[in-house]
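Subject: Structure for your review

Dear colleague,

Please find below the structure that I am handing over to you.

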Amino acid sequence: MAELTLENVTKRFDDDGDEILAVDDVSIDIADGEFLVLVGPSGCGKSTSLRMIAGLETISEGTISIGAEIVNEQPAQQRDIAMVFQSYALYPHMTVRENMRFGLEESTDLDDAEMDSRVEETATLLEIDELLDRKPGELSGGQQQRVALGRAIVRDPAVFLMDEPLSNLDAKLRSGMRMELQRLQDELDVTTVYVTHDQTEAMTMGDRIAILNDGRLQQVATPLECYHRPTNLFVAGFIGEPSMNFFDVTRDGDRLIGAGFEYPISASIRDELDDRDELVLGIRPEDIEIVEASETDHDFPVHVDVVEPMGNENNLLVGFDAEANDETFTVTVEGMRRIDEGEQYVARVPESAIHLFDRETGSAIHNRKIEAEAELLESRL
Ligand code: ATP
């Protein structure tokens, strides 16, 4: 076990003379035993970061340390790291037992009996002990992924690196394995970096999430902190499903003027804005209420275009009634609530739940108020 530190890590690729900046000045301190999820859209530099930690890719600038040791120049085999990939990469001609033992034979000098007992212990932990004498071709996808995990766990490394390990599994298996991986992490307490583009995996699995976009680190924080206190528009839009709604607004005194709506703001929010006027107002779909009649100055007449029933909730696509605005936005209401397509309702956008961003830089200026204790957001659940 060890802490893992990335300090100003940059990776440039040369593409026929054109420079590609795949990872741009990324610094993250990952605590001993922490489960850090590296998340972001395709091409944002997740795999490249992981491969630099593993020693499979050189580092253009910056340092990577495992424990107190800088490992930049250390070959992959010498780093005390085990990787699990999306493709299980099991040897088809070997049994499960042999596949799991193989890594141990390569990386340790344990004697035969010790290797056997480690393989069996790990197989029991992963509930694949019944499968030890089968070949990979005789296993389901989920079982093969457990074997791939077992092969990494059996080596007892200082750091686990996982690159989209669940993306080949179907949705149900994936959610089961998500929980399984969290249980394993609690039990093994090994520092883990887990790469995914799936924000649900990031929210549910990470002690903390590191969000990358275009090679640049956007935010590193607990899942709830990223959700409720995003540092910028990118994080606000990336974390949360359905996504946060955004409206371009211009401030005029203590009102935000949008296309076809005006939103009054209190003195405390106005003070936070200083002299910034060109803003983006953000509100999460679940924070908007649908009410029958307009009662406050944060209520807006809307028409419901589409009702998408999800069972536990309904996602509504709604539009302002104002003529000057044909924008639509999403509202989530509970699943048993009856809302009719094509009907008029009133959307209430509570001031306590709004986020405001600087339109030019994308930085968050004001995040929603949170009723939960602040410690809840900062705790690693
Ligand atoms: P995905 O989720 O699609 O796997 P990713 O976030 O893991 O994406 P990377 O694979 O790290 O992204 O790629 C980051 C950027 O670096 C991309 O623009 C990619 O095209 C580029 N890149 C990656 N490997 C190389 C390479 N060997 N040569 C040139 N460019 C590369």
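The notes that follow take the sheet, the helices and the strand pairs in turn. Please bear in mind that this is a predicted model.

Six strands make up an open sheet, and their order is 6-7-8-3-9-10. The pairing within this sheet is mixed. Strand 6 (81-84) and strand 10 (216-221) are the edge strands, each of them pairing on one side only. From one strand to the next, the twist averages 15°.

Within the sheet, strand 7 (residues 159-163) and strand 8 (residues 191-196) run parallel and are joined by five bridges.

Helix 1 (residues 46-54) lies across strand 3 (35-39), strand 6, strand 7, strand 8 and strand 9 (208-213). Relative to strand 7, helix 1 runs at about 150°.

Helix 4 with helix 5

Two packed helices are described by the angle between their axes and the distance between the axes. For helix 4 and helix 5 (residues 171-188), the angle is about 20° and the axes are 12 Å apart. These two helices are therefore roughly parallel to each other, the limit for that description being an angle under 35 degrees. Their crossing is right-handed.

On the helix 4 side, the contact is made by Gly142, Arg146, Leu149 and Ile153. These meet Leu173, Met177, Glu180, Leu181, Leu184 and Leu188 in helix 5. By class, the residues of this contact are seven nonpolar, one polar and two charged.

Helix 2 with helix 3

Helix 2 and helix 3 pack at an angle of about 125°, and their axes are 10 Å apart. Helix 2 and helix 3 are therefore oblique to each other. Here too, the crossing is described as right-handed.

From helix 2, the residues in contact are Arg97, Met100, Arg101, Leu104 and Glu105. Their counterparts in helix 3 are Asp112, Met115, Asp116, Arg118, Val119, Glu120, Thr122 and Ala123. This contact has five nonpolar, one polar and seven charged residues.

Across the whole structure, a search finds 25 salt bridges. One of them joins Arg97 to Glu120, with 2.8 Å between the closest N and O atoms. Arg97 lies in helix 2 (residues 96-107) and Glu120 in helix 3 (residues 112-125), so this pair ties together parts that are 23 residues apart in sequence.

Strand 1 (residues 4-15) pairs with strand 4 (residues 61-66) in the antiparallel sense, over five bridges. Glu7 has Thr63 in strand 4 as its bridge partner.

Strand 4 also pairs with strand 5 (residues 69-70), again in the antiparallel sense, over two bridges. In that pairing, Ser65 is partnered by Ile70 of strand 5. Strand 4 and strand 5 form a hairpin with two residues between them. Gly67, in the turn, has a positive phi of about 60°.

Yours sincerely

Notes
Residues numbered from 1 in each chain as written. Predicted model: local features only at pLDDT ≥ 70, side-chain atom pairs only at ≥ 80, totals over all residues. Heavy atoms only, no water. Pairing = 2+ DSSP bridges. Helix = DSSP H or I, 4+ residues; strand = E, 2+ residues; numbered from the N terminus. Axes fitted to C-alpha atoms, helices over the stretch in contact; angles between N-to-C directions. Contact = heavy atoms within 4.5 Å. Parallel < 35°, antiparallel > 145°, perpendicular 65-115°, else oblique. Left-handed = near helix turned anticlockwise from the far one by under 90°. Nonpolar A, V, L, I, M, F, W, Y, C, P; charged D, E, K, R; others polar. Salt bridge = Lys/Arg side-chain N within 4 Å of Asp/Glu carboxyl O.
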